[in-house]
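Open the model in your viewer and keep the selection tool at hand. This tour goes stop by stop.

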Amino acid sequence: MMPPPLALSSLLALSVTEPVSVAHYLVVGAILFTAGVACMATKRNALGVLMGIELVLNGANVNFVAFASPYLAADGARSLGLDGQAIALFVILLAAAEAAVALAITLNFYNNHATVDVDRADDLKG
Amino acid sequence: MVDFLTSTIGLSGWLAWTLAATVSAVLILNVIAGGALVFIWAERKVSARIQDRLGPTRTGGRFGWLQSLADGIKLLAKEDLMPEGADGMLFRLAPYVSFCASFCAFIALPFAFDVVGQRLNVAVFFVVAVLGLEVFGVILAGYASASKWSLFGAMREAAQVVSYEVPLGMCVVVPVMLAGSMDMVTIAEKQAGWFWNWYVFHDPFTFVIFWVYVTCAVASVNRAPFDLAEAESELVAGFHTEYSGLRWSYFFMAEYGSMFLVSAMAAVLFLGGWNGPIPVATLLGFSEGTGDTAPYLIRLLGLANLVGKASLGVIIMMWIRWTLPRLRIDQVMTTCLKYCTPIAAVMFAGAMLWQIGLPGGLIPGAGRPGGEIREGWLEGPGGRAAAPPAADESRDVARVAP
Amino acid sequence: MTPTIPMADLVAGGLLPLAAINFHTLFFLLFAAIACGAAVAVVAADNVVRMALFLVLSLAATAGLFFLAGAEFVGAMQLMIYVGGTLVLLVFGVMLTAQAPFVTMKSAGGDRLLAGFVGVALLAMLVLAGLSVPAWRQPASGTVPEPTATPLGMALVGVRVDQPPAGQPVDAVRSGYLLPFEIVSVHLLVVLVGAAYLARAKRRKTPRAIEVAASVEPPEAVAEHAAIGRTRAAASVLTGEPS
């Protein structure tokens with residue numbers, strides 16, 4: 001079966017009668033990623049920036065899992081299989097590690113400056 | 001159940017699915033709500049007896065058995081208050097977060113063979129993960145109440161629950177390792193037969209780790225002596241100081257729900273699940289194949305077994321609560337980090353070495369039941385199992401009794 | 001027992017509008033809506049605790065999406081680690097910003113506008129890229145995957161049971177993820193130590209009186225007099241007399 005043309009397929013995305021495709025997951029991943037980038041860019045709170053990073057990693061993870069899923073793959077198409085899931089797992093683990101270090105840095109910053117506003121971290125400005 | 005509805009009654013597909021999902025959801029909800037009613041009454045009676053009192057005696061005739069219902073009606077009629085400085089949305093949301101987490105964990109909990117909301121391949125992991133979410137509601141409640149007592153209670157609870165997840169996870173991993181599966185149905189089936197097949201009695205290490213699990217389970221559901229989050233002698237009432245009426249009772253339904261849940265987990269992981277100490281069904285000659293009613297009888301027996309074990313666990317938690325004094329926060333942390341975690345780690349390693357050294361147990365030839373091996377390729381080269389049912393939520397939402 | 005409800009059966013049921021619903025898609029749309037909505041709410045919210053709540057919602061809904069895609073283990077892991085990690089974030093948020101002036105930290109309106117523009121442009125580019133490959137737009141085959149938890153675990157210890165090479169037994173050792181797994185383990189350990197080091201309690205710049213007293217050398221060199229000397233010194237500092 002030929003895939004539907006682009007405009008039509010975006011309409012179909014909201015139809016509940018059709019099975020989902022990989023592209024559905026990609027759109028979700030894109031929204032999460034963009035939200036994360038916007039969060040990192042606009043938040044002045046260091047914890048907000050951290051949450052943005054988590055969202056970005058999560059958006060990437062959605063894509064990995066979508067490509068890995070044999071359920072979502074079209075008939076006859078190959079999926080990434082376990083590799084995608086393993087990479088998603090590593091991303092989750094590293095995100096946890098990153099959050100731990102970033103939190104420690106934030107705590108240090110708070111101890112020194114009594115705030116978590118990242119705009120105030122300008123001690124090294126020449 | 002979906003098969004039953006579609007084939008026997010002849011409902012169309014979507015109706016059967018929706019009906020089956022609704023029935024299981026309502027059943028689980030009733031287990032939590034009804035269980036909370038019964039256990040609150042039991043707690044009143046148990047505490048009364050321990051303190052040499054009578055407890056409720058009048059409501060509903062003998063034994064005051066309608067006491068919790070009367071309490072519930074009183075709570076319904078109470079005014080729903082919110083402190084002035086509170087964060088309204090979070091304050092209203094918090095009890096539901098707690099309750100939903102407790103409810104979600106029940107989805108993967110098997111009550112008897114195949115009597116499970118959704119049989120998950122990673123059920124143990126799922127339950128532990130979702131149970132950890134319950135603390136979210138508590139933290140939100142503590143923050144949103146705009147009261148320092150609530151905030152103190154919430155912070156204590158956060159520190160406590162996050163710390164105790166480490167030894168709890170280590171304890172839970174041991175039965176998973178012995179069974180070779182994270183599916184709770186398979187784990188329980190592997191302990192079928194007489195009670196010496198239970199994983200508590202598998203080897204000395206699992207016996208010790210069972211008691212570590214009990215300690216951590218009591219701590220992770222915030223029961224005394226670990227109930228620092230609501231220490232009434234220091235923090236008024238802890239995180240639910242500002243709550244009243246129905247919202248308050250949601251916290252309590254969640255608490256009693258998770259008490260039942262961790263007890264049922266203990267039963268499934270260590271105490272044979274729905275397999276009684278004596279294999280009554282097998283002795284009477286019942287099996288899945290014999291007749292039409294035998295499977296139902298077996299499931300009914302299993303249900304009684306599991307609910308009995310879990311209720312016993314809850315009663316023991318009450319006994320502990322009314323016997324031991326509350327620990328200080330540093331003592332709670334010491335118990336977790338200096339005792340539970342190292343003991344659990346050593347016992348984990350010990351159980352693993354035992355499994356390598358004495359895979360057949362102490363008595364050679366006393367074969368353990370195989371259970372249902374879902375990952376068939378583990379058993380030998382080339383022996384791939386026929387594709388077992390995968391877990392995804394659109395299919396077979398309910399499999400409560402065929 | 002098919003994952004999607006057979007269409008023919010449903011049409012025969014006579015209730016096409018309801019019957020034609022693909023439940024998998026329905027649940028997908030539900031979880032996707034929660035995940036995306038909560039992610040946008042994280043950006044829009046100013047209060048740290050609310051942001052954390054929305055982040056948790058988004059991450060939990062994403063775990064639901066993983067379950068729907070047949071990746072149970074990754075979904076459960078997401079619930080356990082990501083959501084648990086966010087819990088700690090939340091606690092930090094409350095600890096560091098619970099005082100009134102810190103609760104809301106608004107960004108400038110111009111920044112928000114700019115971020116909105118850039119975000120929409122980025123989103124448009126990503127979505128177009130995602131939809132541009134025809135193979136990705138083909139509807140799902142609905143092939144029910146086998147449970148992946150055990151093969152995944154075996155892959156992490158270096159045995160790829162999911163791809164047995166032709167003509168060899170299943171348990172033939174292939175290059176799995178043993179090395180990355182070990183590296184990640186050591187990495188986590190290093191991070192644990194490093195985070196504890198970074199966040200350790202700092203020595204105060206101005207020591208407290210009791211610490212000054214403790215660091216004063218006892219007047220007598222005799223060992224048994226040291227304790228008495230220390231208490232004397234402490235008493236003199238606390239009462240303000242010269243030692």
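Start with two helices of chain B. Select helix α6 (residues 148–179) of chain B and helix α8 (residues 204–220) of chain B. The two are roughly antiparallel to each other, because their axes cross at roughly 150° and angles over 145 degrees count as roughly antiparallel, under 35 as roughly parallel, 65 to 115 as roughly perpendicular and the rest as oblique. The axes come within 9 Å.

A few ground rules before moving on. This is a predicted model, in which local features need pLDDT of at least 70 and side-chain atom pairs count only at pLDDT 80 or more, while totals for chains, interfaces and linings use all residues. Residues are numbered from 1 along each chain as its sequence is written, and chains are lettered from A and ligands numbered from 1 in the order in which they are written. Helices (H or I, at least four residues) and strands (E, at least two) are DSSP runs, numbered from the N terminus. Axes are lines fitted to C-alpha atoms, for helices over the stretch in contact, and angles run from 0 to 180 degrees between N-to-C directions.

**Stop 1: α6 against α8, chain B**

Stay on the pair. The crossing of α6(B) and α8(B) is left-handed (near helix turned anticlockwise from the far one by less than a right angle; right-handed if clockwise). Which residues of α6(B) meet α8(B)? On the α6(B) side, show Gln160(B), Val161(B), Tyr164(B), Glu165(B), Pro167(B), Leu168(B), Cys171(B) and Val174(B). Facing them in α8(B) are Thr206(B), Ile209(B), Val212(B), Tyr213(B), Cys216(B), Ala217(B), Ala219(B) and Ser220(B). Contact here has a cut-off: C-beta atoms, placed from the backbone, within 7 Å. Colour the residues of this contact by class: twelve are nonpolar, three polar and one charged. Nonpolar covers Ala, Val, Leu, Ile, Met, Phe, Trp, Tyr, Cys and Pro; charged covers Asp, Glu, Lys and Arg; the others, Gly among them, are polar.

**Stop 2: α8 against α9, chain B**

Pick Phe210(B), Tyr213(B), Val214(B), Ala217(B) and Ser220(B) in α8(B); they meet Val262(B), Ala266(B) and Phe270(B) in α9(B). This contact has seven nonpolar residues, one polar and no charged.

**Stop 3**

Click Ser244(B), in the loop between α8 and α9 of chain B. Is Ser244(B) buried, exposed or partly exposed? Ser244(B) counts as partly exposed because 15 C-beta neighbours lie inside 10 Å (buried needs 20 or more other C-beta atoms within 10 Å, exposed 12 or fewer, partly exposed is in between, with C-beta atoms placed from the backbone). Leaving out residues up to four places away in sequence, Ser244(B) touches Lys78(B), Glu79(B), Asp80(B) and Leu81(B). The C-alpha atoms of Ser244(B) and Glu79(B) are 7.3 Å apart, though 165 residues separate them along the chain.

Next, select Leu76(B), in helix α3 of chain B. Leu76(B) is exposed, with 10 other C-beta atoms within 10 Å. Its C-alpha atom lies 5.6 Å from that of Leu246(B), 170 residues apart along the chain.

Then go to Asp52(B), in the loop between α2 (13–50) and α3 (67–77) of chain B. Asp52(B) is not a glycine, yet its phi is positive, near 65°. With 6 C-beta neighbours inside 10 Å, Asp52(B) counts as exposed.

**Stop 3: helix α4, chain A**

Select helix α4 (residues 82–113) of chain A. Its 32 residues should span 46 Å at 1.5 Å a residue, and its end C-alpha atoms are 46 Å apart, which agrees; the expected span is 1.5 Å times one less than the number of residues. Buried residues of α4(A) include Leu82(A), Ile87(A), Ala95(A), Leu103(A) and Thr106(A). Ala114(A) follows α4(A), with a positive phi near 60°.

**Stop 4: chain C and its contact with chain A**

Show chain C: twelve helices and zero strands. Of its 243 residues, 37% are buried. How many residues does chain C give to the contact with chain A? Chain C gives 80 residues and chain A gives 74. On the chain C side, α5(C) brings the largest share, 13 residues. By class, that side has 53 nonpolar, 22 polar and five charged residues.

Methods. Contact = placed C-beta atoms within 7 Å.
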